[in-house]
Amino acid sequence: MVQRRNVLMLSWEFPPRIVGGIAAHVYDLSRALARSGLDVHVITLEFPGAKGYEEIDGVHVHRVDSYNYPSPDFASWTFMMNLNLQAKGIELMRSLKDNVDVIHAHDWLVATAAVGLKHLWRVPLLATIHSTEYGRRNGVHTDYQAMIHQTESWLSHEAWRVICCSDYMASQVSWALGLRRQNIETIPNGVDPDKFKVNFDREKFRKRFATPDEKLILFVGRLVHEKGASVLIEAVPKVLANVNAKFVCVGEGYMKDILISRAHNLGIMNKIYFTGFLDDPTLKLLYRVADVCVVPSLYEPFGIVALEGMAARTPVVTTGAGGLSEIVEHDKTGVRVYLNDPDSLAWGILRVLSDKKYVERLTQNAYKKVLEVYSWNRIAEITKSVYERILREYGRGSWKPVSTQQSKSFSQGELSY
């Protein structure tokens, strides 16, 4: 009988612990990989009410305490958190009798644990880099940012393959982290359209956010500079001059008070609803009732919000920053507007609100693209093929012990092609 592959994933967030987009990505990818026939173990952090161990759709989820040691700041907390992740990894790999085939790390926050386990067990390490500090900050300006940047570079060079969610992100990782482009795989994020197929009282739900005579314009994302929420606020008066609308902004972030203050100064606060964080079922329904999904990002490695809008059959208006340009094709699957331009953003929103036939064509094309390109089963098969290719190249394709010379290459993080 052929032994099933064991994959160990490390992620600092996993539902119900949701900080950013990594949680949803790891949750959906791990489940799809399990459906494809892999044994997937995810080591992540605890969350109030969540079990220390549970099996979710075939995925073995192991949660560890991240607060065992006092930490004066986030950097030191991250280091101590990695010690706990690594300790759990050692315990797990021993329980699996050293039969872990691939370690898959998600972003710099788990780098120390992932690299440590790689060297201890001589197991292939892959890293998905979801974004870079250089891209988020438009450069590296402080010692703290340099620490993150160097950790990203270290993880990328220790990994035998780096996975990025878009060609844009792959190019950025290559030049920002000094990694050969041929060592980077582009595998997009995915979305499950079935999650949006829920029967519900549309009118009753919609009334929680807007009146029947208001168009509902939806923004979903962290309230930080790179997500472009401030550009949207400046576009609001231009939209309201033409249509009656309510702007629903879902998310939290350090710019929230600044955005609220600006809305008050513009006299539009009554037309903006800052919901804060919403649970996933509520958010999925909100996509369904929205008239427009707006993604005004200034920096975007991929653009999962645009993909979710497409899966919900809601028209998407976006800047096309970064990876968004690979998802949304102007006048075909959505509307693309100029970067950091409130006038252009307002034009895009009004373009969608003014033409029902145009919207119908956009949403049909977008939904078709979601099914053909962004299904999690397809993405899992591509990811699995990367695992298998590396294992074959390093002598583990037939479940043979790793040779001494190969172990040396593993420990050095070398790639020979």
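Me: What volume does the largest cavity have?
Reply: About 40 Å³.

Me: And which residues line the largest cavity?
Reply: H25, L29, T128, I163, I187, P188, I379 and T383 line it; a lining residue has an atom within 4 Å of a point. By class, 5 are nonpolar, 3 are polar and none is charged. Nonpolar covers Ala, Val, Leu, Ile, Met, Phe, Trp, Tyr, Cys and Pro, charged covers Asp, Glu, Lys and Arg, and the others, Gly among them, count as polar.

Me: Which helices each supply at least two residues of that lining?
Reply: α1 (22–35) and α15 (376–393) do. Helices (H or I, at least four residues) and strands (E, at least two) are DSSP runs, numbered from the N terminus.

Me: Before going on, what are the ground rules for this model?
Reply: Residues are numbered from 1 along each chain as its sequence is written. The model is predicted, so to speak of local features needs pLDDT of at least 70, and side-chain atom pairs count only at pLDDT 80 or more, while totals for chains, interfaces and linings use all residues; side-chain values use heavy atoms, with hydrogens and water left out.

Me: What does the protein chain average in pLDDT?
Reply: The average is 90, and 94% of the residues score at least 70. pLDDT is the predictor's confidence in each residue, from 0 to 100.

Me: Sheets next. What is the order of the open sheet of 8 strands?
Reply: The order is β3-β4-β2-β1-β5-β6-β7-β8, and the pairing is mixed. Two strands pair if DSSP finds at least two bridges between them. β3 and β8 (184–186) stand at the edges with a single partner strand each, so one side of each has no neighbour in the sheet. The twist averages 25 degrees from one strand to the next.

Me: Do β3 and β4 run parallel or antiparallel?
Reply: Antiparallel: 4 bridges join β3 (residues 53–56) to β4 (residues 59–64). Y53 stands opposite H62 in β4. The hairpin has 2 residues between the strands, and D57 takes a positive phi near 50 degrees there.

Me: And β6 with β7, parallel or antiparallel?
Reply: β6 (residues 125–128) and β7 (residues 161–164) run parallel, joined by 3 bridges. A127 stands opposite V162 in β7.

Me: What about the sheet of 6 strands, in what order do they come?
Reply: They form an open sheet in the order β11-β10-β9-β12-β13-β14, with parallel pairing. β11 (272–276) and β14 (335–336) are at the edges, each with a single partner strand, so one side of each is left without a neighbour in the sheet.

Me: Which strands does α13 lie across?
Reply: α13 lies across β9, β10, β12, β13 and β14, running at about 160 degrees to β12. Axes are lines fitted to C-alpha atoms, for helices over the stretch in contact, and angles run from 0 to 180 degrees between N-to-C directions.

Me: Last topic, the backbone. Where is the cis peptide bond?
Reply: It joins P15 and P16, with omega about 10 degrees. P16 is in the loop between β1 (6–10) and α1.

Me: Which residue has a positive phi of about 75 degrees?
Reply: D107, although it is not a glycine. D107 is found in the loop between β5 (102–106) and α3 (111–121). Most residues other than glycine have a negative phi, and most peptide bonds are trans.

Note on methods
1 Å grid on protein atoms, 1.4 Å probe; cavity = no way out; pocket = protein on both sides within 12 Å on 5 of 7 lines; lining within 4 Å. Points joined across faces, edges and corners; volume = space filled by probe spheres on them. Contact = heavy atoms within 4.5 Å.
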